[in-house]
Amino acid sequence: MLERVQKYYRIGAVILFVLIFIIAFQTYQQIFYIERFQLAKNVEFFDVLKNQFFRWIIWLLIAFLLPFFVAKDKEKSISFSLVTKHFLLIILLVILNVFVISFIQASNAVEVTLHSFFSDYVVFFLFQKSPMYTLGYIAFTVILFFYFKNETLQVTVQELIDIKENHQKEYQLLKNSNVDEDQVLSIKIGNKLKIIPISEINWIEADDYCVVVHAEDKPSYTMRSSLKSLENKLPTYFMRVHRKGIVNMRKVKELKNADNTSCLVISNDAEVPVSKANIKAVKLFLQHNS
């Protein structure tokens, strides 16, 4: 979780720095044209900056739509249809930008007709802003696409590493052992491996591209894996009780039912929800092992 927050922070910082640079550049560019062609007198930098700033803020707010569309295609490879789809989306967002800033600018005018709105505002901002807005959205889309692709690849790589570890001699000895408590789970933290006995794990929670391992009297640890891949490696007393949770059934104190919802109470009093699809299997397990 912390690594993902740090990544979002770095990406946000880069976008903010680039945005500030572009706003300052366009402000000086506009002042140059105004003074060069004597379009106005006594032009103040901050007056021009204010107009540029609010237009780029609108651009940035509309840009928040992009991650939702790009994230849906993270599993797909780059193709002509995919590029065309995202380019058309970018064009639509640029047009939306032009209409929004045209409407805000026209609202300050004394009298505006439909014809003057399009001829004096929409056409003007279309030529002035659309090239820079389009390039900005293209860059943003490329960054998002490769970021989400990297997240997916990291999960795949971790699953391949897990498969390799499963074939190591030491791991096979632990896996084939008759004593379940001797099995361990290896979690990579930075450049180190944290070894946690499986018998000490209370439950495992899905968290985006990672899982969070909750152990007895220990802090929670995040590892690059999926619940599905862990299910095949854990002993039979670990049960999938929810699409986002696997529970060590030996740590369960009770099954609570209230208001059509169910949850398992773990030995440390943590509560893990049980889905309706899994409630029958959970009850059978508790009955046979009570």
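Patches are made of residues with over 30% relative accessible area and no salt bridge; like charges are joined within 9 Å, and nonpolar side chains (Val, Leu, Ile, Met, Phe, Trp, Tyr) within 5 Å. A salt bridge is a side-chain nitrogen of Lys or Arg within 4 Å of a carboxyl oxygen of Asp or Glu. This is a predicted model: local features need pLDDT of at least 70, side-chain atom pairs count only at pLDDT 80 or more, and totals for chains, interfaces and linings use all residues. Residues are numbered from 1 along each chain as its sequence is written, and side-chain values use heavy atoms, with hydrogens and water left out.

**View 1. A nonpolar patch on the surface**. Eight names make up this patch: I78, V83, F87, L88, L135, I138, V142 and F146. Together they have about 750 Å² of accessible area (Shrake-Rupley method, 1.4 Å probe; for residues, only the protein chains shown count as cover). Helix α5 gives the most, with four. Helices (H or I, at least four residues) and strands (E, at least two) are DSSP runs, numbered from the N terminus.

**View 2. L135 in helix α5**. L135 belongs to the nonpolar patch. L135 is exposed, because its relative accessible area is 56% (buried is under 20%, exposed over 50%, partly exposed in between; 1.4 Å probe, protein chains only).

**View 3. The second largest pocket**. The space in this pocket is about 320 Å³. Its lining has 17 residues, and D207, D208, Y209, C210 and S226 are the closest to its centre. A pocket is an open set of points on a 1 Å grid over the protein atoms alone, where a 1.4 Å probe fits, with protein on both sides within 12 Å along at least five of seven lines; lining residues have an atom within 4 Å of a point. Helix α5 and strands β3 (201-207) and β4 (210-215) each supply at least two lining residues. The largest share, four residues, comes from α5.

**View 4. D208 in the loop between β3 and β4**. D208 has a positive phi of about 60 degrees, yet D208 is not a glycine. Most residues other than glycine have a negative phi. With a relative accessible area of 59%, D208 is exposed.

**View 5. D269 in the loop between β9 (261-266) and β10 (271-274)**. The phi of D269 is positive, near 70 degrees, and D269 is a residue other than glycine. D269 counts as exposed because its relative accessibility is 51%.

Conventions
Points joined across faces, edges and corners; volume = space filled by probe spheres on them.
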